[in-house]
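Let's take a walk through this structure together. Have the sequence and the 3D view handy as you read.

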Amino acid sequence: LEVCPGQKFQIAYLLMHLQDAPVSTNDVLLNPYLASWDELIKFMESLGPMVGIISQEIETKTSIIRKLAQKEEEERNQQAQDSASSGAYVSVRSMIVSELEQGLVNFDQLTESGCRTLPRLHRALLWLQLFLHNLAEEKREMMARSPSELCREAYRLTLAEHHSWWVKKAAELAFVAMPDRHFFYKLMCVRTQAEAAATLNRVVKAIQKVYDRTQVALEKHDMLALP
Ligand code: 1Q0
């Protein structure tokens, strides 16, 4: 994918970060995972203040993991002279193992950990995948529907299940701010639905791989519903 001139959000960068994330046969690197979210924040920022609450929430969640990683790195640097040990927050699986060992994960009540934060981003990724998949659809019935409708529908089928009443209300407000199809075309530097579909389907595929691997890792440790 090529970079689109004059735009902050770059779908090419989003795709690049998503494709950089899978590592070994079943793991996901956290740096590119979080970088994907940074790129999505840029998209949200181009939509204006109505959706500021959402970009702020993503920022909060990514910062929690980054701060834990930083703290862990500082502690590791103080302890080990050999500096050969690699970080706990390199990948999803290394984070899970390390936080369990450190006793950072609480299955009964809310404590700030990477392991309870990741599933929040993970669920949002499922929403995004479904939304972009439907936005890519070239069938006439689907193309007749606005991004705003597609967004709402995808939300109700995925993320909404995990959200409180007031968060759902806030989400409904955000859907209204969703721009039309042409905004998305411009954003991706494409002109037709066929071109949009080609680009979006690459992103959807990349999300799928990241999502599936994260899902398996979280499921294995029973972490999908951490409080
Ligand atoms: C216009 C876009 C609409 C997006 C639809 C999702 C709406 C969600 C509304 C969320 C408001 C956030 C308030 C806080 C929620 C938290 O309670 C919740 C749980 O955390 P906790 O700590 O309370 O247990 N947090 C979350 O669920 C985190 C994830 C919420 C963010 C939803 C992700 C939105 C992603 C946006 C990227 C849009 C990209 C379009 C790309 C187009 C590419 C061509």
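Start with helix α5: 19 of its 23 residues are buried, so α5 is largely enclosed by the rest of the structure. Here buried means under 20% relative accessible area, exposed means over 50%, and partly exposed lies in between, using a 1.4 Å probe and protein chains only. Helices are DSSP runs of H or I with at least four residues, strands are runs of E with at least two, and both are numbered from the N terminus. Bear in mind that this is a predicted model, where local features need pLDDT of at least 70, side-chain atom pairs count only at pLDDT 80 or more, and totals for chains, interfaces and linings use all residues. Residues are numbered from 1 along each chain as its sequence is written, and side-chain values use heavy atoms, with hydrogens and water left out.

From its first C-alpha to its last, α5 reaches 32 Å, close to the 33 Å expected at 1.5 Å a residue; that expected span is 1.5 Å times one less than the number of residues.

Now look at what packs against α5. The axes of α2 (residues 30-45) and α5 (residues 114-136) come within 12 Å and cross at roughly 55°. That makes α2 oblique to α5, since angles under 35 degrees count as roughly parallel, over 145 as roughly antiparallel, 65 to 115 as roughly perpendicular and the rest as oblique. Axes are lines fitted to C-alpha atoms, for helices over the stretch in contact, and angles run from 0 to 180 degrees between N-to-C directions. On the α2 side, the contact (heavy atoms within 4.5 Å) is made by Tyr33, Leu34, Trp37 and Leu40, and on the α5 side by residues including Leu118, Leu121 and His122.

Helix α4 (residues 92-102) packs with α5 too, at an angle of about 145° and with axes 9 Å apart. Val92, Met95, Ile96 and Glu99 of α4 meet Gly114, Cys115 and Leu118 of α5.

Next, head towards the start of the chain. Gln10 sits in the segment before α1 (11-20) and counts as buried, at 4% relative accessibility. Beyond its neighbours within four places in sequence, Gln10 touches Val3, Cys4 and Glu39. In α1 itself, the buried residues are Ile11, Ala12, Leu14, Leu15, His17 and Leu18. What covers them includes β1 (22-23), α2, α9 (181-188) and α10 (193-220).

Finish at Asp180, in the loop between α8 (165-176) and α9. Asp180 is partly exposed, with a relative accessible area of 48%.
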